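Subject: Handover of a protein structure

Dear colleague,

Please find below the structure that I am handing over to you.

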Amino acid sequence: MLNRLSIQARFLVAPLVGVVLASLLYVVGFNTIRSHTDILKNLAATNLPQIGQLNQLTISLADLHNKISIVLLSAIEHGDEEIVYLQGRKQLNQLHELEKSFEAISSQHAWEEKQAKYLKDIPVAFASYRETVIHSIELSTVDSNRAIKELIEAERVLVRLNGELLTLSEHFIEEMANASSMIDATSSKNQWVNLFAVILLVTMIIISLYISRRLSKGLSSISHAMVKLAKGDLDVTLPNLSDTHLLEQQHALGTFRYVLLANRKHQIDLEHSFEQLQDSERRYQGILDVTATAIVVINYQQEIVLFNKAAEKVFGYQEKEMIGLPIHHLMPKGTHQKHDIYVDEFANSDIDYIPQMKRTPVRTLNKNGNELFLDISLSKIELAQEVLMVAAVTDVTARIYSARELNTYRNKLESMVEERTRQLKAATQTAESASRAKSDFLANMSHEIRTPMNAIIGMSYLALQTELNKKQHNYISKVHLSAENLLGIINDILDFSKIESGKLDIEIINFRLDDMLDNLISLVDIKVEEKGEELLLNVDSDVPTALIGDPLRLGQILTNLVSNALKFNSEEGIVRIEITLKESSNDSVLLHFLVNDTGIGMTDEEQQKLFQSFSQADSSTTRKYGGTGLGLAISKQLVEMMRGEIWVESEAGEGSTFHFTVPLQKQQGSGSSYSSMIASGQDDGSESIRKLHGAVILLAEDNLINQEIFLEVLNCNGIMVDVANNGQEALDLLEKKSFDCVMMDCQMPVMDGYSASRKIRQQERFKELPIIALTGNAMAGAREEVLAAGMNDHITKPINFNAMFNTMAKWIKPNSSSS
């Protein structure tokens with residue numbers, strides 16, 4: 001009994017020892033597994049929220065970038081700066097919130113050295129992404145191409161940032177996987193301990209097997225599940241376990257599976273975001289490819305990193321041929337060093353953009369080796385790791401070659417122009433010489449003709465002042481009238497020559513309309529009396545008399561028209577002159593002049609020939625009435641030079657009415673109107689003669705006949721005259737005697753009138769002495785020439801004595817001299 005009990009005791013000792021040992025081993029193993037399970041549970045409790053937050057941060061970043069892309073693309077399309085500002089500010093605020101979220105995540109965990117590296121890189125990536133987005137927003141409404149480039153760069157930074165966040169999540173997952181591997185290793189060891197306990201505890205085999213089986217089955221299923229999860233197989237079925245510690249392991253394994261599922265979803269989201277980024281990049285690349293501007297992008301090593309479709313068309317290369325090649329591949333050999341220096345200076349400068357207009361065209365080569373000239377705009381993109389330079393290229397080769405051809409043609413044309421200019425200059429000099437010769441000839445002929453004409457008119461005038469019988473008076477009157485007619489023809493020819501050469505000028509001086517009309521009446525009075533006609537003058541009461549214009553040319557027009565009216569009028573007919581006010585303003589008037597006769601009139605065909613040079617309405621009138629046919633042509637030219645109009649109304653046998661309008665300026669304080677009158681021929685200069693009575697005149701005249709005429713006319717009118725035969729004699733007489741006036745012939749031997757006048761003016765005592773020129777030169781510039789020589793006025797030969805007395809009276813103050 002005792003042996004049996006001993007055996008049983010011995011039998012029981014071993015199981016008891018085995019039980020004790022097994023219990024100890026089980027307790028130690030179970031505590032190890034429980035410790036590792038607690039570690040895994042703590043890691044899951046700590047890391048799962050971090051992984052979830054990192055996943056959410058990555059998704060939020062992708063969503064935020066999509067919103068920024070949409071805002072910028074809308075801004076680029078519509079150019080709405082307000083939307084860009086509001087929406088851009090909103091998105092940047094969200095980006096700031098995401099950065100704060102990452103800072104919160106980073107402060108909640110004790111990081112390993114390897115993980116801490118990402119903590120330094122991720123804020124840098126956040127800052128780079130924020131700066132790139134801000135730059136893109138700022139450029140969105142200014143430079144769309146650069147804004148798109150900046151947005152593409154932002155996407156690249158975002159991909160790098162998401163990759164670093166994903167790597168950080170993977171470190172959390174790796175940490176939990178390491179803990180799971182530790183549990184698996186411990187479970188394997190416990191299996192061997194359990195087998196060893198079975199060998200020791202044969203008697204407890206059923207219990208040991210049961211316990212071991214129970215433990216190993218749960219741990220094995222958990223271990224196999226974790227192995228499958230570690231391999232990425234998420235299709236895991238967890239066993240139903242009743243043991244509390246195994247349930248905790250099962251719960252930890254379920255949590256780990258959830259983490260892996262979340263990570264898988266995050267990976268899918270990242271892949272989706274990456275695909276969106278790739279789509280966006282393809283879209284931007286498409287935009288760059290369809291733009292008409294060729295774009296070439298190089299890095300700091302001057303290697304080509306982007307070459308769009310437009311660049312392919314310009315240079316003839318495909319993009320795949322050019323990516324990675326040095327930019328020198330497109331440059332002529334002799335320009336490489338200079339180009340390298342320029343690129344280095346630009347890359348290291350503070351300048352971000354150089355427009356085309358600030359650079360001269362750059363010489364490059366295409367694929368065929370042909371020379372190209374390009375206008376290039378440069379911009380600089382500074383990235384975190386490198387500097388990119390963007391060249392926007394415009395092919396101006398055709399323009400350069402056209403400019404070269406144009407320059408060649410211009411040089412040829414300039415040579416032709418120079419040759420033609422030389423020819424024209426020679427022709428102009430010849431024409432000017434001919435014109436000068438013509439002017440000199442006309443001036444000389446004018447003087448040579450007017451000198452004998454002065455003798456004829458002067459002597460006939462003097463003869464008419466003597467006692468003549470009726471027949472003698474008739475003969476001398478006709479000689480005098482014929483001489484005046486001849487003088488009129490000469491004046492018309494000279495005026496026509498002046499107009500033809502453009503040397504006849506219109507004066508703008510103050511004059512009185514009544515004086516001009518009085519002079520007109522005195523000129524035509526003799527013709528009125530001879531033909532027994534009647535001249536009526538009517539000036540409307542509202543016509544001002546104090547005007548500004550050219551009274552000489554205005555009187556010439558009226559004289560021509562009145563002379564024609566008297567010439568072609570019927571016997572004892574009436575010639576009517578009317579002046580009316582057509583328009584008026586504060587400082588100007590438009591006067592309408594009318595000259596009407598009751599003569600032969602004209603047909604429509606005859607009216608068409610009027611106002612033409614050397615032409616009359618009917619050629620037979622030249623033989624019957626005489627004349628050159630220049631009077632109306634000259635009148636038309638003068639009216640048009642005065643910015644007026646002239647026309648005629650006439651019927652055959654019913655007389656003619658000539659009209660013309662002339663704009664004139666008003667003098668300040670205009671005088672009264674001119675009253676109607678009938679010409680009486682009483683304006684013979686008697687008032688001027690009366691004023692000149694007793695004057696002492698020095699006459700410088702070399703022509704003896706002219707001396708005789710002047711002496712007779714002046715002496716007969718109470719004017720005393722001393723005669724000098726040339727300018728020198730005139731100077732000598734002035735030294736001996738005082739005179740009220742010098743009447744100076746311009747062309748004389750020894751010393752002409754111009755030189756004599758200049759010498760007289762050089763003496764202070766003769767500064768106020770009136771000098772009146774006597775000249776046969778009626779050409780343009782004659783008056784200016786005598787005034788330039790120091791003379792006060794001029795009288796043109798042949799002398800109109802009434803006009804002469806009027807001119808003298810204007811300057812001479814009798815009795816101012818003393819012998």
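I begin with Ile-137, which counts as buried at 13% relative accessibility; buried means under 20% relative accessible area, exposed over 50%, and partly exposed in between, with a 1.4 Å probe and protein chains only. Ile-137 belongs to helix H3 (residues 113–139). Helices (H or I, at least four residues) and strands (E, at least two) are DSSP runs, numbered from the N terminus. Ser-69 is 68 residues away from Ile-137 along the chain, and the C-alpha atoms of the two are separated by 9.8 Å.

Please note that this is a predicted model, in which local features need pLDDT of at least 70 and side-chain atom pairs count only at pLDDT 80 or more, while totals for chains, interfaces and linings use all residues. Residues are numbered from 1 along each chain as its sequence is written, and side-chain values use heavy atoms, with hydrogens and water left out.

Overall composition

The protein contains 22 helices and 19 strands. Of its 819 residues, 44% are buried. Contact means heavy atoms within 4.5 Å. Among the contacts with a separation of 6 or more, 70% are between residues 24 or more positions apart.

The nonpolar cores

A nonpolar core is a set of buried Ala, Val, Leu, Ile, Met, Phe, Trp, Tyr and Cys residues joined through side-chain atoms within 4.5 Å. The largest one has 41 residues, and those with the most contacts inside it are Leu-517, Leu-554, Leu-558, Phe-593, Phe-658, Phe-660 and Leu-664. Elements giving two or more residues to this core include helix H12 (513–531), strand E8 (534–539), helix H13 and strand E10 (574–584). A second, separate core has 26 residues, among them Ile-304, Val-343, Val-362 and Val-393.

What does Phe-593 touch, leaving aside residues up to four places away in sequence? Its contacts are Leu-554, Leu-558, Glu-578, Ile-579, Phe-658, His-659, Phe-660 and Val-662. Phe-593 is buried, with a relative accessible area of 0%, and Phe-660 is also buried at 0% relative accessibility.

Aromatic pairs

Rings of Phe, Tyr and Trp (its six-membered ring) pair if their centres lie within 6.5 Å; planes under 30 degrees apart count as stacked, over 60 as edge-to-face and the rest as tilted. By this rule there are two aromatic pairs. The ring centres of Phe-307 and Phe-315 are 5.9 Å apart and the planes lie at 40°, so this pair is tilted. Both Phe-307 and Phe-315 are buried. For Phe-593 and Phe-660, the centres are 4.6 Å apart and the planes are at 5°, so this pair is stacked. Phe-593 lies in strand E11 (residues 588–596) and Phe-660 in strand E13 (residues 656–666), so the pair ties together parts that are 67 residues apart in sequence.

Helix H13

The expected span of a helix is 1.5 Å times one less than its number of residues. The 18 residues of H13 (residues 551–568) should therefore span 26 Å, and the end C-alpha atoms are 26 Å apart, which agrees. H13 is mostly covered, with 16 of its 18 residues buried.

Strands

Two strands pair if DSSP finds at least two bridges between them. E8 and E10 run parallel and are joined by six bridges, and Leu-537 stands opposite Ile-577 in E10. E10 also pairs with E11, in the antiparallel sense, over eight bridges. Here the bridge partner of Arg-576 is Asn-596 in E11, and a hairpin of three residues joins E10 to E11.

Strand E17 (residues 741–745) runs parallel to E18, with four bridges between them; Met-744 stands opposite Ala-773 in E18. Is strand E18 (residues 771–775) enclosed or exposed? Five of its five residues are buried, so E18 is largely enclosed by the rest of the structure. In a regular strand the side chains alternate between the two faces of the sheet. In E18, Ile-771, Ala-773 and Thr-775 point one way, and Ile-772 and Leu-774 the other way.

Finally, Ser-379 lies in strand E5 (residues 371–382) and is buried at 5% relative accessibility.

Yours sincerely
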